Amino acid sequence: MLEIRDLHVSVEGRAILNGLDLSVGLGEIHAVMGPNGSGKSTLSYILSGREGYAVDRGEALYDGRDLLALEPEERAAAGVFLAFQYPVEIPGVGTMTFLRTALNALRRGRGEDELDAMQFLRVVREKARALGIGEDMLKRALNVGFSGGEKKRNEMLQLALLEPRLAILDETDSGLDIDALKVVAEGVNALRSPDRAMLIITHYQRLLDHIVPDRVHVLAKGRILRSGGSELARELEARGYTDILSEAA
Amino acid sequence: MSRVAAETVEQVRSLGDRYKYGFVTDIESEQAPKGLNEDIVRFISAIKEEPEWLLAWRLEAFRHWQTMTEPDWAKLGIPMIDYQDAYYYSAPKQKEGPKSLDEVDPELLATYDKLGIPLREQEMLAGVAVDAVFDSVSVATTFKAKLEEHGVIFCPISEAVQKYPELVRKYLGTVVPYTDNFFATLNSAVFTDGSFVFVPKGVRCPMELSTYFRINAANTGQFERTLIVAEDSSYVSYLEGCTAPMRDEHQLHAAVVELVALDDAEIKYSTVQNWYPGDENGIGGIFNFVTKRGACIGARSKISWTQVETGSAITWKYPSCMLHGADSVGEFYSIAITNNYQQADTGTKMVHMGPRSRSRVISKGISAGRASNAYRGLVKMLPGAASARNYTQCDSLLIGSHCGAHTFPYIESQNRSARVEHEATTSKIDEDQLFYCRQRCIDEEEAVALIVNGFCREVLQQLPMEFAVEAQKLVGISLEGSVG
């Protein structure tokens, strides 16, 4: 469903991705691992449509469509979801209000009826409970004063609520203690489905102890240097990135 | 310019088409001759069959006005106003004053329907009484009978002059004297209508009161005067709304509002101001020069102003509280949104005289396009204001890079035990926030409305519930035009 071919991306004239190829099929979970500065976040931003990234060459096809030509909200409507590494705070906007606005915007985008307040409440309560999120968190302003764990759990709640076809998790494990990590992993595993693909971007292997990926890719120097099965993640954990980087040099 | 800013500018550009209240009602009206002189003042007074004392008061005001000049201290560029090139009285032609809503011209009822203010009582928001002012006169007041049962008087001020002259005479001009300032003095000379509210001792007004002002006729100034008196231990909540047709020429709106709160009384006054703001090039729009002031005369009395200012080409307005009473409380909650070439210089004055009087000011200014938005606030602690307190918080939000926000706090303290706090912030809508929303399928227009509503929340929460939802929508529309 996602075909990235020879993708070159630069930021303010500085090349970040240099010919990246990646193919993800529906129902699969792929992990992209790499050292700091390898272009991991750029990959998540270019796929979700953030401004400031120039595509110099290559393409990304999503269900055969030119993904890079779509506006961010069009991509979201088409089922692309990004769980942010640093979820933003929006003061004064209740989390519940935000979730409802987003879900109804998405439903409109898909040509479905909007949910009324009662219907929405029922859905969000059920999903929140599954992730151990209390009512009080939903009443607070979006991400304002949330702990790192709460912010990540809120991203997982949105993932569960918006039911994307392609979920990209950008360093969702960073800053989480082991309990929060388990909650996130359970959330992801529960959403594993033949109708959904996931791209898990991470620096460390520890999340992959709980979510077993179908494929693991090593991203460094703006390209995929190696791909393999889930055993590749453990190999990286044991030996670090140095070997692969020197192989490529 | 980043893409966001470019798009914002684009949205702003298309806003001119989106003022959905810009239509003109085709109705025959009666007008005074153009221009302003003593004869016009006498004409207005005569047509309203006013008592001698009121005419004398108007004439004194008019003579005083002729010695005055327009204030020029605000951060506003005000074009020359030719006071002789306007009509000072315009009223829809009716045989007699309507006795009931059945007699109101159907064209007028239709106009208010179109504005979303149905005047037929069975269709109205339950619990809201409305006085509808069309150009210079009040055309309808709803729920009068029900209010009378509680002893609450709610009627056009011209009617109050006839029916309750002693009450009007006792309080008119006591809070805003006719010598007060250029525009208030002009208003005193030529005010045409407005609302009068009297809540007797111990009565909690059973419903929200609301006045809806509509300017329709061309070249006509609107000079309404509102007077609200709350006797001991009474409570009233009042809301005014306003719109005007889209016209290329500017129109003058110079209102005066006076509030009087006696011992333990509370007045809550809310405004949703949506006068025509002019087009995207700054052509046309209302000049909104308004004097609003409340006197907390009694001990433990409270006056609370809430305003949502989205319209007008120029807004010059400082709803104030004179805190005479011991332990009296003044509040000012404001949202001022300016877009395109709109200018606003608005804020409040909190004058503390009574011991332990308290005031709280929360101002949210939002600027987009090429607009300028200034907060100007005075906090004055007079010698009697022992242990008085003020807290002021002033937040500005900028959208795009051609607008401006300014804060002018004036603090004067003559009592060492008084405490004054002022906090101010300025921020821009953050690209990260916008992208986060868009990634969640919320398009840029809706995202801006969401973020701005969040920014204004503290103030929106102060509005009566019936109007909070409307105001929230208006905030979005003023910046985006996604509706209409």
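The model is predicted.

**The chain A sheet**

Chain A holds an open sheet of 6 strands, ordered β6-β9-β10-β3-β11-β12. Its pairing is mixed. At the edges stand β6 (80–83) and β12 (223–228) of chain A. Each has a single partner strand, so one side of each is left without a neighbour in the sheet. From one strand to the next, the twist averages 20°.

Strand β3 of chain A spans residues 29–33, and strand β11 of chain A spans residues 215–220. The two pair in the parallel sense, over 4 bridges. In this pairing A:H30 stands opposite A:R215 in β11(A). Helix α8 of chain A, residues 231–239, packs on the sheet. Helix α8 touches β3, β11 and β12 of chain A. The direction of helix α8 makes about 115° with that of β12(A).

**Salt bridges**

The count over all chains comes to 37 salt bridges. Three of them are set out below.

| Salt bridge | Closest N to O distance |
|---|---|
| A:R239 – A:E235 | 3.3 Å |
| B:K34 – B:D85 | 2.8 Å |

Within helix α8 of chain A, A:R239 and A:E235 are 4 residues apart, so about one helical turn separates them.

How exposed are these chain A residues? A:E235 is partly exposed, with a relative accessible area of 26%. A:R226 is also partly exposed, at 27% relative accessibility. A:R239 has 48% relative accessibility and counts as partly exposed. The cut-off matters for A:R239: a residue is called exposed over 50%.

B:K34 lies in the loop between β1 (29–31) and α2 (38–47) of chain B. B:D85 lies in the loop between α3 (52–66) and β2 (90–92) of chain B. The pair therefore ties together parts that are 51 residues apart in sequence. B:K34 is partly exposed, at 38% relative accessibility. B:D85 is partly exposed, with a relative accessible area of 38%.

Salt bridges that share partners join A:E51, A:E71, A:E73, B:R438 and B:E444.

**A buried strand in chain B**

Strand β6 of chain B runs over residues 195–199. How many of its residues are buried? The count is 5 of the 5, so the strand is largely enclosed by the rest of the structure. B:S195, B:V197 and B:V199 point one way from β6(B). B:F196 and B:F198 point the other way. Buried here means under 20% relative accessible area.

Which strands pair with β6(B)? Strand β5 of chain B, residues 153–156, pairs with β6(B) in the antiparallel sense over 4 bridges. Here B:C155 stands opposite B:F196. Strand β8 of chain B, residues 225–230, pairs with β6(B) in the parallel sense, also over 4 bridges. Here B:F198 has B:V229 in β8(B) as its bridge partner. Strands of a sheet pair through backbone hydrogen bonds in either sense, parallel or antiparallel.

How values were computed. Residues are numbered from 1 along each chain as its sequence is written. Chains are lettered from A and ligands numbered from 1 in the order in which they are written. This is a predicted model: local features need pLDDT of at least 70, side-chain atom pairs count only at pLDDT 80 or more; totals for chains, interfaces and linings use all residues. Side-chain values use heavy atoms; hydrogens and water are left out. Two strands pair if DSSP finds at least two bridges between them. Axes are lines fitted to C-alpha atoms, for helices over the stretch in contact, and angles run from 0 to 180 degrees between N-to-C directions. Contact means heavy atoms within 4.5 Å. A salt bridge is a side-chain nitrogen of Lys or Arg within 4 Å of a carboxyl oxygen of Asp or Glu. Buried means under 20% relative accessible area, exposed over 50%, partly exposed in between (1.4 Å probe, protein chains only).
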